[in-house]
Amino acid sequence: MIKIIWKSLLSMAFIMVSVANAATLSGTVKDKNGKDVEFAVITLIGENVAISGDNTHMPSPVMSQKNIKFTPFVLPVSKGSTVSFPNRDNIRHHVYSFSKVKRFELELYNGDEEKSVHFDKEGVVALGCNIHDSMLAYIYIVPSNKFSTTGKNGSLVINDIPAGTYKAQVWHPRLKGNIENYEKEITLSDDQSFQLDFEIDLKRERKRRNRGTY
């Protein structure tokens with residue numbers, strides 16, 4: 001019994017030291033014209049088991065429907081995550097995806113219901129509403145729990161990164177070309193603050209219209 005308690009205390013101490021010595025990454029993403037890119041996702045991929053697996057240490061991922069829009073527009077999650085889809089409008093929505101990574105339908109439901117979907121494969125899942133054609137969003141499933149999304153200023157921060165060598169990937173719904181074309185290898189040491197900047201090429205933006213309400 002004493003040995004078990006001692007091992008638990010050592011494990012907790014190791015985790016606390018690892019977090020205390022962890023690195024921080026600040027990233028920026030701009031397009032070919034030098035403009036800030038919102039909704040870009042930077043993911044760190046490496047052999048360190050501390051960054052693999054699901055994002056159970058984070059708040060449960062949520063893709064809500066509000067004001068006849070999906071929120072957020074881009075939701076990155078770790079493989080194995082379950083995403084909830086609350087309807088916060090006073091009208092019903094019919095959420096669906098025909099993406100190869102995950103095909104599903106959440107048939108007409110309103111604010112009294114909250115449905116969820118489990119995502120067990122990596123890749124991009126485009127979302128739509130069968131009633132409101134203007135509704136569009138993306139769930140991006142990654143093999144890591146170290147990722148973040150850029151804001152309007154094209155910047156992001158990833159905290160508590162264990163020291164090591166990582167492959168940094170940037171993705172955006174309108175990314176032009178293969179994601180491998182934008183990969184960068186970085187090496188982080190304990191307590192390091194690292195700046196990572198990406199320049200990406202984007203496809204033309206699509207416009208969608210509402211079909212109606214229900």
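Phe85 is buried, with a relative accessible area of 0%. Buried means under 20% relative accessible area, exposed means over 50%, and partly exposed lies in between (1.4 Å probe, protein chains only). Phe104 is also buried, at 10%.

The model is predicted: local features need pLDDT of at least 70, side-chain atom pairs count only at pLDDT 80 or more, and totals for chains, interfaces and linings use all residues. Residues are numbered from 1 along each chain as its sequence is written, and side-chain values use heavy atoms, with hydrogens and water left out.

## Overall make-up

The chain has one helix and 16 strands. Helices (H or I, at least four residues) and strands (E, at least two) are DSSP runs, numbered from the N terminus. Of the 214 residues, 40% count as buried. The accessible surface comes to about 12300 Å², and carbon and sulfur atoms hold 50% of that. Areas come from the Shrake-Rupley method with a 1.4 Å probe; for residues, only the protein chains shown count as cover.

Contact means heavy atoms within 4.5 Å. Among contacts between residues at least 6 apart in sequence, 66% join residues at least 24 apart.

## The five-stranded sheet

Five strands form an open sheet with mixed pairing, in the order E5-E11-E10-E7-E8. Two strands pair if DSSP finds at least two bridges between them. Strand E5 (74-78) and strand E8 (103-109) stand at the edges with a single partner strand each, so one side of each has no neighbour in the sheet. The twist averages 20° from one strand to the next. For such angles, axes are lines fitted to C-alpha atoms (for helices over the stretch in contact), and values run from 0 to 180 degrees between N-to-C directions.

Strand E10 (residues 123-129) and strand E11 (residues 136-142) pair in the antiparallel sense over six bridges. Here Gly123 has Ile141 as its bridge partner, and Ala126 stands opposite Tyr138. E10 and E11 form a hairpin with six residues between them.

How many residues of E11 are buried? Seven of the seven are, so the strand is largely enclosed by the rest of the structure. Both faces are covered. Leu136, Tyr138, Tyr140 and Val142 are buried on one side, and Ala137, Ile139 and Ile141 on the other.

## The four-stranded sheet

Four strands form an open antiparallel sheet in the order E12-E2-E14-E15. Its edge strands are strand E12 (147-149) and E15, each pairing on one side only. The twist averages 25° from one strand to the next. Five bridges join E2 to E14, and Val41 stands opposite Trp171 in E14.

## Nonpolar cores

A nonpolar core is a set of buried Ala, Val, Leu, Ile, Met, Phe, Trp, Tyr and Cys residues joined through side-chain atoms within 4.5 Å. The largest has 31 residues. Leu25, Val29, Ile42, Leu44, Ile161, Val170 and Ile200 have the most contacts inside it. The elements that give two or more residues to this core include strand E1 (23-31), strand E2 (41-45), E11 and strand E14 (164-171). Another core lies apart from it, with 21 residues, among them Val101, Ile131, Ile139 and Ile141.

What does Ile42 touch beyond its neighbours within four places in sequence? Its contacts include Gly27, Val29, Phe147, Leu156, Ile158, Val170, Leu196 and Phe198.

## Aromatic pairs

Rings of Phe, Tyr and Trp (its six-membered ring) pair if their centres lie within 6.5 Å; planes under 30 degrees apart count as stacked, over 60 as edge-to-face and the rest as tilted. The count comes to seven aromatic pairs. Two of them are tabulated.

| Pair | Centre distance | Plane angle | Class |
|---|---|---|---|
| Phe39 and Phe73 | 5.0 Å | 65° | edge-to-face |
| Phe85 and Phe104 | 5.8 Å | 55° | tilted |

Phe39 sits in the loop between E1 and E2, and Phe73 in the loop between strand E4 (69-71) and E5, 34 residues apart. Phe39 counts as partly exposed at 26% relative accessibility. Phe73 is partly exposed at 26% as well. Phe85 lies in strand E6 (residues 81-86) and Phe104 in strand E8, so their pair ties together parts 19 residues apart in sequence.

One aromatic cluster consists of Phe39, Phe73, Tyr138, Tyr140 and Trp171.
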